[in-house]
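Dear colleague,

Please find below the sequence and structure that I am handing over to you. My findings follow directly after them.

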Amino acid sequence: MWNELAAVFREYMGTGLIVVLYLFCLVYLYLKEDRKYVRVLFIYVPVCILLLFFNPLFAVLVYRAADEEIYYRILWLLPVTAGIAYTACHIFGRLQGKIKYGMAAAAAVIIMISGRCVYDSPYYTVAENLYHVPDSVVHICDAIIVPGREVMAAFPRELLQYVRQYSSLVCMPYGRETLVDRWNAGTELSQVMEQEPLNLDTAVPLLREKGCHYVILREGRQILGDLKEFGWEIFGETDGYVIYRDTGIPLVIPEL
């Protein structure tokens with residue numbers, strides 16, 4: 001259990017520098033801060049959270065009551081940003097002259113190099129519409145949505161996190177959890193759907209087991225197997241994606 005908790009904490013640390021900086025702030029405030037309510041907020045509470053997090057008995061209780069994959073969220077309770085900001089202001093308030101500005105610049109540089117730019121992720125895109133999702137998601141969902149009922153559709157990895165942001169009527173057999181390596185949550189179906197070429201012999205039974213009415217693939221994606229033999233037909237094409245309809249899964253359209 002200790003090894004598991006340590007591994008989760010290391011992953012939470014990311015590059016590590018920001019957490020090291022935060023731990024330094026805890027020590028500094030412990031030595032220099034006199035006001036009781038500040039010590040409670042920025043020292044005692046974070047230390048108690050860390051002690052609980054690394055307590056194997058507490059971890060077992062949380063694991064039993066909830067999914068163990070959310071345990072790391074306990075660390076979100078740590079006031080990392082507020083603690084670092086307060087400590088920096090506390091230090092700057094004690095400095096005089098040009099050294100104060102030099103320390104401020106140094107602190108800014110340390111914070112900037114202590115992490116990675118979130119916008120470097122391939123899963124961030126420039127907003128293309130009011131919904132802040134790729135236009136392709138809007139066009140695909142609008143094409144397959146059936147008013148009055150939900151439909152099931154399998155999407156490529158790069159679109160998974162956007163579909164539910166746009167419409168709750170489009171369900172998916174697997175979601176954005178398959179994008180996070182830490183969760184190791186890739187299902188058999190999601191792994192099959194990313195294989196090249198896509199083997200219909202393997203994919204179709206899994207898709208039908210999940211009740212997928214539609215399958216969306218990137219344009220030019222190689223497919224191993226005859227579409228007609230497996231009951232697939234091209235439903236539409238948009239924004240570099242092809243929408244396939246599996247006629248083997250009934251799609252009842254309610255009367256409005």
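Glycine 236 stands opposite isoleucine 243 in strand 7. This strand (residues 241-246) pairs with strand 6 in the antiparallel sense over six bridges; strands are DSSP runs of E of at least two residues, helices are runs of H or I of at least four, both numbered from the N terminus, and pairing requires at least two DSSP bridges between two strands. Two residues lie between the strands of this hairpin, in which aspartate 239 takes a positive phi near 55°.

The model is predicted, so local features need pLDDT of at least 70 and side-chain atom pairs count only at pLDDT 80 or more, while totals for chains, interfaces and linings use all residues. Residues are numbered from 1 along each chain as its sequence is written, and side-chain values use heavy atoms, leaving out hydrogens and water.

Glutamate 233 lies in strand 6 (residues 232-238). Leaving aside residues up to four places away in sequence, glutamate 233 touches Ile243, Tyr244, Arg245 and Thr247, contact being heavy atoms within 4.5 Å. Its C-alpha is 6.7 Å from that of aspartate 246, 13 residues away in sequence. Glutamate 233 has a relative accessible area of 42% and is therefore partly exposed, the class between buried (under 20%) and exposed (over 50%), with a 1.4 Å probe and protein chains only.

In helix 5, the buried residues include Val80, Ile84, Tyr86 and Phe92. Valine 20, found in helix 2, is partly exposed because its relative accessible area is 47%.

Yours sincerely
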